[in-house]
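Thanks for coming. I have one structure to show today, and I will keep it brisk.

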Amino acid sequence: MRGCCHRAAPVPGEGWETTAWSWCDLPSEHPLLSSWTAGEGRGVIRFPAPGLPRRGDGAPGSSPWRSPSSGPCQRPTVASLRPPRAGSQPCPPCPHIFCSCLEQARDCCRAAMAASASHWHSYLGVIVSRERQRLEHFQRAEDILLTLLEGVHAREPRFLVDYARNLEAFEFALCTSEDAVTLEVPLQVDGDALRVLACQPGDTPTKLCPGLGICCLEVPSPGTDLEDWTSTVGVMERGGGAGCLVPGKVLQHLKELLVSAIVHCQRQFLLQPGDLSAENLQEDTMELSLLIRGGWKTVRFNIVPVVKRWQESLRLKERQSDRGFPEGSLRKATEEAHFVPASPHCWRSSTHLPILKLLQAVDTLKGPRLDSLRLLNQLRSQDWGEEGGKCGLTFNHLKMVLLWSTELFPSPEDWQDLEGSVYRLLVILLRCLATRRLPHFLHPEENLFQREPSDLASLFRKVESFAQDPQRFLRFHFGLPVRTDSWQADAGTRALLQLPAKDGSYWDTAYFDILLSQFQVYRIQDGARRSAMSQLLSKIRREIPQQS
């Protein structure tokens, strides 16, 4: 609890020097409050009568309750509580005691805030304590997978083995849930020599929006040892070329080689029974899924072939370059394009590894930024899921929220403590859930919530309930999720979250500062930011009076 006490007018007492104090969030069991006046909002602090000693007083005459006119106060025992002797003047409240009261009130506030912080850090501590073990499981499973990919490369040198898997290990340790690990297998193809063309309308996958990185990769001339992976269908209509690289053929070839490598490793006793499950290879998807046991934990790997080519660094429209990020990190993360299968005939631009590179850059900044991501992901998997255990919110969604919060809150002052850092992510997540729109960080025109079949309204209520009362959620349990159906939302906060977002005018720092102040976690001293927040709030009240 936050607060302090303020002195009011003295209240006379019989043999007591009694002073009333106004109450500001002091707990009722605080040692300073000997009684509580219901309905008046006043706490009563009773000081000992003149002559009563303080705890731990020394020799007579050393009491601070001495009247200037009567000399040293008499010292009756505390048990008798006798009034002072006749003729002595009542002692005024001592300034030392007044300061002592304030110090105790401050100590109480600090203790309450420390107790609240300990909940956050205790919850996070359990999450972080698992990371080393999770990383060991990943490395054991990765060793098995690399053995398989070495066998694939021995049979087909065009499939390369990339041993630099630091980004995948970093993501696996960071993610507290059982999400699959996407692992890209590079192709020995000169990506810079390929021509990027638009796909035919019938070839564009229905699950993806046209224009968002969907393309065909045309091989410019024959004699590139890619004939078995190409097709000439539609090439003449585009103006010639040796053919287009067909992702369906590449995937089928990789699947056959993986099965062959698995059989070879089993015959050579390189795999123990239960080490690997390849049942999911029978699924007709754009990724090859393997379940590999690492210790007692099973890790799912989604294997995808990838074509790499250099590209001009991404320039974000109407946004400050590298705002909130280390200098040059955005350029380094996006200087290489990755194309992975989107359909049997089309490729798509993948942002999986560029996003992980940006997360690594965020990890170099000060403050518990990634800790906030860890904590919210644990809540997502534990308390924010639906009845079947599935959650419409994914770890990829939370990664985008963290990147947006890094840009929208660039000041180190925003990332001083764990609670405040978590709320930086929460206000952005709540806004996205309320408007049913989460823009991709590198491609803001893409809405990551557009194809989510889950009930975002139910998810919004769960996240909002945590934001209003986090203490109920900051605990580990193995039963049902925390109930939120009886919780009453704050009307003012919800009205701010549901402001219309058609022009994107509320996607800025000032708007999210208003939300932080609603949750009472806004402690920024920057005058310019406070002024911008005040101006925006005045604008909201003018334009939408009913929401004021």
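First, a caution. This is a predicted model. Keep that in mind for every value I quote.

The overall picture. The protein chain has 14 helices and 14 strands. It runs to 548 residues, and 47% of them are buried. Now the contacts.

Next, helix α3. It spans residues 166-174. How many of its nine residues are buried? Eight of the nine, so α3 is largely enclosed by the rest of the structure. Here are the buried ones. They are L167, E168, A169, F170, E171, F172, A173 and L174. Note that E168 and E171 are on that list. What covers them? The cover includes three helices you will hear about again or see on screen: α7, α8 at 369-382, and α9. It also includes α2 at 131-155, plus strands β5 at 181-186 and β12 at 297-310.

Let me take one of those neighbours, α7. The axes of α3 and α7 are 10 Å apart, and the packing angle is about 70°. That makes α3 roughly perpendicular to α7, since 65 to 115 degrees counts as roughly perpendicular. The crossing is left-handed. Who makes the contact? On the α3 side, L167, E168, F170, E171 and L174. On the α7 side, H352, L353, L356, K357, L359, Q360 and D363. Sort this contact of α3 with α7 by class. You get six nonpolar, two polar and four charged residues.

Now stay on α7 and look at its contact with α9. Helix α7 covers residues 352-363, and helix α9 covers 395-408. Their axes come within 11 Å and cross at roughly 50°. Parallel, perpendicular or oblique? The two helices are therefore oblique to each other. This crossing is left-handed. From α7, the residues are I355, L356, L358, L359 and V362. They meet K399, M400, L402, L403 and T406 in α9. The residues of this contact divide into eight nonpolar, one polar and one charged.

S329 counts as buried because its relative accessibility is 10%. Beyond its sequence neighbours within four places, S329 is in contact with D322, L358 and A361. Now a distance. S329 and L359 are 30 residues apart in sequence, and their C-alpha atoms are 9.9 Å apart in space.

You will find D513 in helix α13, residues 509-518. Buried or exposed? D513 counts as buried, because its relative accessibility is 0%. The side chain of D513 has a polar contact with the side chain of Y522, at 3.4 Å. Leave out residues up to four places away in sequence. D513 then touches F409, Y522, R529 and M533.

Last topic: backbone angles. Most residues other than glycine have a negative phi. I have two with a positive value.

One is F269, with phi near 60°. F269 is in the loop between α5, 247-267, and β10, 276-277. F269 is exposed, because its relative accessible area is 67% and the cut-off is over 50%.

The other is R436, with phi near 55°. R436 lies in the loop between α10, 418-435, and α11, 456-468. R436 counts as partly exposed, at 43% relative accessibility.

What does the side chain of N447 reach? The backbone oxygen of R436, at 3.2 Å. N447 is also in the loop between α10 and α11. N447 is buried, with a relative accessible area of 9%. Setting aside residues up to four places away in sequence, N447 touches R436, R437 and L438.

To recap. Helix α3 is largely enclosed. F269 and R436 each have a positive phi. That is my tour. Over to you for discussion.

Technical notes: Residues numbered from 1 in each chain as written. Predicted model: local features only at pLDDT ≥ 70, side-chain atom pairs only at ≥ 80, totals over all residues. Heavy atoms only, no water. Axes fitted to C-alpha atoms, helices over the stretch in contact; angles between N-to-C directions. Helix = DSSP H or I, 4+ residues; strand = E, 2+ residues; numbered from the N terminus. Parallel < 35°, antiparallel > 145°, perpendicular 65-115°, else oblique. Left-handed = near helix turned anticlockwise from the far one by under 90°. Contact = heavy atoms within 4.5 Å. Nonpolar A, V, L, I, M, F, W, Y, C, P; charged D, E, K, R; others polar. Buried < 20%, exposed > 50% of the residue type's maximum accessible area, 1.4 Å probe, protein only. Polar contact = N/O pair within 3.5 Å; in protein donor to acceptor, adjacent residues only side chain to side chain.
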